[in-house]
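Let's take a walk through this structure together, one stop at a time. Keep the 3D view open and follow along as each part comes up.

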Amino acid sequence: MAMATATSSSAMMTHLTTCLQFSSGSQQCLRSIASERADVWNKTWYPKAEDHVNTEKTWYVVDAADKILGRLASTIAIHIRGKNLATYTPSVDMGAFVIVVNAEKVAVSGKKRTQKLYRRHSGRPGGMKVETFDQLQQRIPERIVEHAVRGMLPKGRLGRDLFTHLKVYTGPDHPHQAQKPIDLPIRDKRITKQT
Amino acid sequence: MNKKEVFKLAKGFRGRAKNCIRIARERVEKALQYSYRDRRNKKRDMRSLWIERINAGTRVHGVNYGNFMHGLVKENIQLNRKVLSELSMHEPYSFKALVDVSRTAFPGNKNMTSAPKKEGLAILV
């Protein structure tokens, strides 16, 4: 069966023709292969500094109202880490920024609202503090989504940096209008709470 | 190895390991062991990175990695994962053509992200 053979013309020409036109998902412009000397087919591509500038990353916004907590956190973590992009690199932050609004309305199924426990320890003996989902939602609703997403991001220096790309807000407004965030594409069909 | 060679290999090490021979010798031996092991690990890590990139690239088109590779195998397309990952990053139209070829050869699960319908009492949860 005949298949389209990849063009082996110079990397720069093919890159520029496809880069500007192809607009599925968040295909990024790969600046680092624009030079003539790049050996695209024998060396696995590794991002250069200009390929992951923070000012050019995509910003997504998602409304957490009536979304199941874990499923929402999973989708967010995938986009923050950059695993949905073909240019994914584990050691480099290629992901996007995600804004979460209406965080106090995030939903959980079953009896988790009264039974799910959030624990923290102050470090001193007998210093374990436990509170339920409900209590934490009264106190600091943003922490619920943050805790969920932090558990799904890698733990380490890069993971901590990635976590700063998550912005959670209660209420429907956010101060990032200047970044022109687009709606987070959600592929999970069970993410909205079935009532 | 004499001391000069050891210190040459210990450049960039932390603390006394780059300056004091007793410590440097240990650290250099360890470093050489690691590099022996990692020459073999590198091949595994690279392949796993290619697979992750291909997976991301195909999921954009609604096909997951497993079904994609199965379709390619059925069509006897012998492109290796290195080239496929580079295609997915740099030649998106060609890659889409490959995904379409694979999809016609092996449709796989029609809806990758749909969930099984909940029946009976599970609906209430």
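Start at A:His176 and look at what surrounds it: beyond its neighbours within four places in sequence, A:His176 is in contact with A:Trp59, A:Ile99, A:Lys167, A:Tyr169 and A:Pro181. This histidine is found in the loop between β5 and β6 of chain A. Is A:His176 buried or exposed? Its relative accessible area is 13%, and since buried means under 20%, A:His176 counts as buried. Keep in mind, as you look, that this is a predicted model. As a whole, the model scores ipTM 0.79 and pTM 0.81.

Two of those contacts of A:His176, A:Ile99 and A:Lys167, take us to the sheet, where A:Lys167 in β5(A) is the bridge partner of A:Ile99. Now step back to see the whole arrangement. In what order do the strands of this open sheet lie? Across its 4 strands the order is β5-β2-β1-β6 (chain A), with parallel pairing. The edges are formed by β5 (166-168) and β6 (182-183) of chain A, each of which pairs on one side only.

Helices lie against this sheet. Helix α2 of chain A, residues 69-81, packs on the sheet and touches β1 (59-63), β2 and β5 of chain A. The direction of α2(A) makes about 155° with that of β2(A). Helix α5 of chain A, residues 141-152, also packs on the sheet, touching β2 and β5 of chain A, and its direction makes about 155° with that of β5(A).

Next, follow strand β1(A). On one side, 5 bridges join β1(A) to β2(A), and these strands run parallel; here A:Asp63 has A:Val101 as its bridge partner in β2(A). There are also 2 bridges between β1(A) and β6(A), again running parallel, and A:Tyr60 has A:Ile182 as its bridge partner in β6(A). Why can we call β1(A) largely enclosed by the rest of the structure? Because 4 of its 5 residues are buried. Together, β1(A), α2(A) and β2(A) make a right-handed β-α-β unit.

A:His79 is buried, with a relative accessible area of 8%. Leaving aside neighbours within four places in sequence, A:His79 has contacts that include A:Tyr60, A:Val98 and A:Leu184.

Now move over to chain B. Helix α3 of chain B spans residues 65-74, and its buried residues are B:Tyr65, B:Asn67, B:Phe68, B:Met69, B:Gly71 and B:Leu72. What do these buried residues of α3(B) pack against? They pack against α2, α4 and α5 (92-105) of chain B. After α3(B) comes B:Asn76, whose phi is positive, near 55°.

Finally, how confident is the predictor about chain B? The mean pLDDT of chain B is 88, with 86% of its residues reaching 70 or more. Confidence is highest in helix α2 (residues 21-59) of chain B, at a mean of 96, and lowest in helix α4 (residues 81-90) of chain B, at 93. Over residues 114-119 of chain B, however, the pLDDT is below 50, and this stretch has 5 contacts in the model beyond near neighbours in sequence. Where pLDDT is low, the predicted coordinates should not be read in detail.

Technical notes
Residues are numbered from 1 along each chain as its sequence is written. Chains are lettered from A and ligands numbered from 1 in the order in which they are written. This is a predicted model: local features need pLDDT of at least 70, side-chain atom pairs count only at pLDDT 80 or more; totals for chains, interfaces and linings use all residues. Side-chain values use heavy atoms; hydrogens and water are left out. Two strands pair if DSSP finds at least two bridges between them. Contact means heavy atoms within 4.5 Å. Axes are lines fitted to C-alpha atoms, for helices over the stretch in contact, and angles run from 0 to 180 degrees between N-to-C directions. pLDDT is the predictor's confidence in each residue, from 0 to 100. Buried means under 20% relative accessible area, exposed over 50%, partly exposed in between (1.4 Å probe, protein chains only). A crossover is right-handed if, with the strands pointing away from the viewer, the path from the first strand over the helix to the second runs clockwise.
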